[in-house]
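Look at the fold before you start.

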Amino acid sequence: MNKIEHIGIAVKSLEVSNVIFEKLFGVPRYKEEEVASEGVKTAFYQNGPNKIELLEATNPESPIAKFIEKKGEGIHHIAFDVDDIYSEIKRLKAEGFVVLNDKPKKGADNKLVTFLHPKSTNGVLIELCQEIR
């Protein structure tokens, strides 16, 4: 793993949260997109070398909707940049981590992504991200 790629924050409303985060960072979001397969709309902010992803559910059955229902708004996941997501999946499974999807999916911000189950990472949902080349 190279670096923290971004921190994902679950929000009830991108419209409301974008106002807050634009004031906080002093810059507008650089990207907003929907990932229909995950039932989520995202907004990305760059703050120096760091990125924040806001996530709003687009349907009540999405993982983000269920997260907010259970825990409320807040930090949802920490994403790490990797060079080869396939070898990282293999390595982490061999180390005993629970990988939620063996094959990476297309995620937001031009990334291939997979997640590690929080039960194998001290309660923190970990996302692996590889830039699509």
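Q: Which residues of helix 2 are buried?
A: I64, A65, F67 and I68 are buried in helix 2. Buried means under 20% relative accessible area, exposed over 50%, partly exposed in between (1.4 Å probe, protein chains only). Helices (H or I, at least four residues) and strands (E, at least two) are DSSP runs, numbered from the N terminus. This is a predicted model: local features need pLDDT of at least 70, side-chain atom pairs count only at pLDDT 80 or more, and totals for chains, interfaces and linings use all residues. Residues are numbered from 1 along each chain as its sequence is written, and side-chain values use heavy atoms, with hydrogens and water left out.

Q: Why do the buried residues of helix 2 line one face?
A: An α-helix has 3.6 residues a turn, so residues three or four places apart point the same way. Here the buried residues fall within an arc of 160° seen down the axis of helix 2, so they line one face. The arc is taken from the directions from the helix axis to the C-beta atoms.

Q: Which residues are exposed on the other side of helix 2?
A: E69 and K70 are.

Q: What do the buried residues of helix 2 pack against?
A: They pack against strand 1, strand 3, strand 4 and strand 5. Contact means heavy atoms within 4.5 Å.

Q: How do strand 1 and strand 5 pair, parallel or antiparallel?
A: Two strands pair if DSSP finds at least two bridges between them. Strand 1 and strand 5 are antiparallel, over seven bridges. A10 has G74 of strand 5 as its bridge partner.
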